[in-house]
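Dear colleague,

Please find below the structure I promised to pass on to you, together with its sequence. My notes on a pair of helices and on a sheet follow it.

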Amino acid sequence: MGDVLSTHLDENRRLFIAERTGKILDEFFQFYEEQYPLALFNKIRYEVEDNDGPQPQLLQRKTPLKDKIIFSGNLYQYLEINRKWKNRHFVIRDDYSVECYDGKVAFDRGSSPKEIINFAGYKVVKSMDQYLELVNNSMPGIKGKASSSPFLRWPTELCTILWHPYGHHYYFCVISEKEQRKWHTVFQDCVRHLNNGLPEDCKVETPAFTNAVRLYRQSKDQYGTWEMLCGNQSQIVTNLVMEELLPELGTVIHPKLKGKLYERQKTWILITEAVQKMVLEQTKARYKAVLQKCEDARPGLESRIRPDLDQIISSKEHVANKLRVFVMPKAEACVRSKVEPCISSILDALMGPTSRGFSEVRDMFFKEIVEMNKNILNEGGKQKLGEYMEKLSLLPYHPVKMQNCYEQLEQLQPQLKELQQRFDVSSPAVFVQRGQILLREILDNAVYTFEQLLHQNLSNSSEKEQMCQTIQRIQERVLKKYDYDSSTIRKKFFREALLQITVPYLLKNLSASVNTTLPKFQEFIFEDFSKFILVDNIFEEVVLQSVSKDIMLVVKEAAVQRKHNLFRDSIVMSGSDPNLLLLGEGQNINWNSELANQESSDLERASEKRKRMKQVVSMIQDDGISRPEEVDVIMGVKKEAEREQGGTSGSSESCSPVKSPDSVKEIRDLLTIGEIEITEANTASDSSLINGTACKSEMVPKRYLEETENKLLQKQQELGEPSRDCDLSPSAAEQIENRITLSVNALHDEPPQEKTTVYQQEDPSDKETGEEVSSKNADIAKGSLDAHSQAEESES
């Protein structure tokens with residue numbers, strides 16, 4: 001094929017291509033250099049006036065998922081160098097660049113890719129008939145039947161072809177229909193992402209470039225959307241040049257092509273590809289030089305704009321008022337007669353597929369979270385949560401799972417097809433791809449918001465049941481925010497689409513009667529401000545204002561009717577969740593490492609808490625008497641143990657000998673507020689007194705309690721009371737208890753006191769037995785027993 005290219009692209013023709021490309025670039029970059037100061041002025045004005053719209057409720061991921069592989073697998077690719085099919089390994093990165101390797105082994109070894117494919121401007125087709133139809137449409141004067149064009153021999157009938165009007169074509173095949181659908185979906189996702197236009201975060205370069213492209217095409221009487229506005233700046237300018245250069249070459253080269261139809265088609269594809277490479281190299285160098293020139297002049301432009309910003313704005317408004325008086329009557333007449341009757345039908349055609357796509361995304365997000373919650377509840381463990389969250393973070397970038405959502409937007413093409421002739425819409429695919437990108441972005445925002453909220457609340461959910469409840473609560477919160485953002489995004493998409501459809505149509509109809517008069521309005525602009533005020537741009541703004549009121553009204557009426565779940569503009573939730581916005585400042589979460597670190601820290605805290613509680617209990621056993629400062633420590637540990645077990649305390653179980661605790665339950669039983677249970681050697685009388693209730697004393701040493709009980713038994717025998725093993729009625733038991741209390745008071749010459757209840761916390765066991773012990777009475781009893789013991793020792 002080298003001889004063919006050298007024949008049709010000789011030195012003279014290459015020189016012609018370079019000269020023609022240079023002229024087109026001169027015209028285009030003249031528009032770009034004019035639009036750059038205006039874009040800089042608009043940026044500075046926007047910063048000063050701070051014209052922010054509704055605040056989104058979902059967090060927006062600021063950094064992409066770096067070092068993530070979206071998709072990978074093997075495909076058979078046709079290599080034109082040796083005209084053979086080869087099985088290659090393909091890897092799609094998070095920036096949607098497609099890397100080709102000789103095999104998976106080469107990829108695992110870290111070898112450099114054999115080729116990196118940029119899918120900007122491509123179309124993905126699944127049949128040879130569709131491919132040949134595109135080829136024939138791009139070759140004026142060369143026609144033929146699809147069946148008469150055997151480009152190559154296919155190993156299977158399941159093919160996938162990447163077609164570009166100017167670039168290299170790629171041929172792939174698979175062995176099953178499932179694989180064909182999968183790779184078709186993956187390649188479509190790559191094309192969709194790279195055809196999304198230029199990044200919006202470049203507030204000066206992007207507006208200046210897009211305005212220059214639009215004005216240049218309008219100078220060639222080409223209005224409306226342009227589907228080749230895809231790729232980076234150099235690729236877009238190359239498409240602009242090829243759109244104008246290729247027909248000129250075709251009229252010269254087509255008559256000289258020889259051979260059968262498929263041979264001429266193949267030769268023309270090779271020529272087109274070679275010309276595109278030449279133009280791209282020339283465009284890259286020229287764009288780099290012009291951009292550097294504008295960047296060097298930027299500081300001087302800013303120093304002129306900022307001091308005179310108010311005067312520039314006033315001068316622009318003065319010119320706009322003059323121009324509005326001249327243009328607005330003609331524009332409004334055209335709107336009333338040709339545009340306004342169609343706005344409602346266009347909006348209806350947009351709303352149905354778009355709303356179904358957003359609803360499909362919402363359902364998919366809901367199902368993914370519910371499925372994850374079920375699996376966590378059944379399998380358990382935070383490690384499983386980490387695995388599921390890693391998969392969830394890639395959900396918006398999974399082309400196969402997102403395909404059902406994208407297919408809803410595909411229905412826009414047949415519904416908007418009638419607009420191609422009426423409103424000069426080159427292809428509805430522009431709106432389809434933009435809507436699909438919005439689906440991916442809002443799902444990514446929902447997933448990112450869910451990640452941040454779950455990461456914030458994960459430390460409060462130790463058990464898997466609590467974790468599942470937390471996930472469900474966060475899911476409901478995120479879905480509410482999704483509904484609000486979905487309505488805001490859809491209404492903005494409808495307005496922009498309606499403007500992109502109607503404004504070019506109005507400009508085309510008004511330009512013939514206005515273009516000759518517009519240069520006269522340049523006289524109203526001061527020379528110092530001439531770089532920042534352009535009459536052509538003001539004319540477009542006036543035309544946009546003439547139709548924007550009707551568009552806003554139609555969208556607002558649709559929202560008031562609650563059609564397709566749109567919120568009204570009056571429902572504004574700006575700043576409603578300031579704490580959530582702070583979470584958006586964080587980085588992407590590595591769930592596996594986060595959960596592993598959290599589990600280890602939880603174990604360390606539990607071990608430290610258990611060690612501290614053992615030390616407190618051991619201190620009580622050794623001393624036998626608790627001091628006031630020790631009581632405070634015990635009460636603090638008691639409360640911590642209660643919080644761990646859901647706030648329950650106390651037990652109705654029988655008393656057991658005090659020993660080193662081995663569980664939280666044992667610690668709870670031992671660390672009752674200011675109480676140590678009485679233990680006796682006789683198990684028969686261990687759990688009952690004469691009234692059948694469990695006996696507890698507040699911080700009284702064991703030896704004093706034993707002496708007191710012995711004296712009480714002796715007193716009972718003197719008074720003729722029954723033994724403790726007898727069965728008593730409740731009234732008799734109460735009388736005996738009162739007489740025992742009187743006996744204890746009589747031993748110490750104390751007046752009888754009524755029983756009082758001074759509890760800081762209620763113990764369930766106390767409620768069950770009906771016994772209430774006061775810490776004050778315990779202190780009195782302790783002092784009385786000490787005095788009585790000393791008196792007996794002195795008498796003996």
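In what follows, a helix axis is a line fitted to the C-alpha atoms over the stretch in contact, and angles run from 0 to 180 degrees between N-to-C directions. Please bear in mind that this is a predicted model.

I begin with the helix pair. The axis of helix H9, which spans residues 309-379, comes within 7 Å of the axis of helix H15, residues 464-514. The two axes cross at roughly 160°. Because angles over 145 degrees count as roughly antiparallel, H9 and H15 are therefore roughly antiparallel to each other. Their crossing is right-handed. The residues of the contact between H9 and H15 comprise 36 nonpolar, nine polar and seven charged ones.

I turn next to the sheet. Seven strands make up an open sheet, and their order is S4-S3-S2-S1-S7-S6-S5, with antiparallel pairing.

Ile 161 stands opposite Tyr 171 in S7. Helix H4, residues 128-137, lies across S5, S6 and S7, and H4 runs at about 15° to S6.

Yours sincerely

Conventions. Residues numbered from 1 in each chain as written. Predicted model: local features only at pLDDT ≥ 70, side-chain atom pairs only at ≥ 80, totals over all residues. Heavy atoms only, no water. Helix = DSSP H or I, 4+ residues; strand = E, 2+ residues; numbered from the N terminus. Parallel < 35°, antiparallel > 145°, perpendicular 65-115°, else oblique. Left-handed = near helix turned anticlockwise from the far one by under 90°. Nonpolar A, V, L, I, M, F, W, Y, C, P; charged D, E, K, R; others polar. Pairing = 2+ DSSP bridges. Contact = heavy atoms within 4.5 Å.
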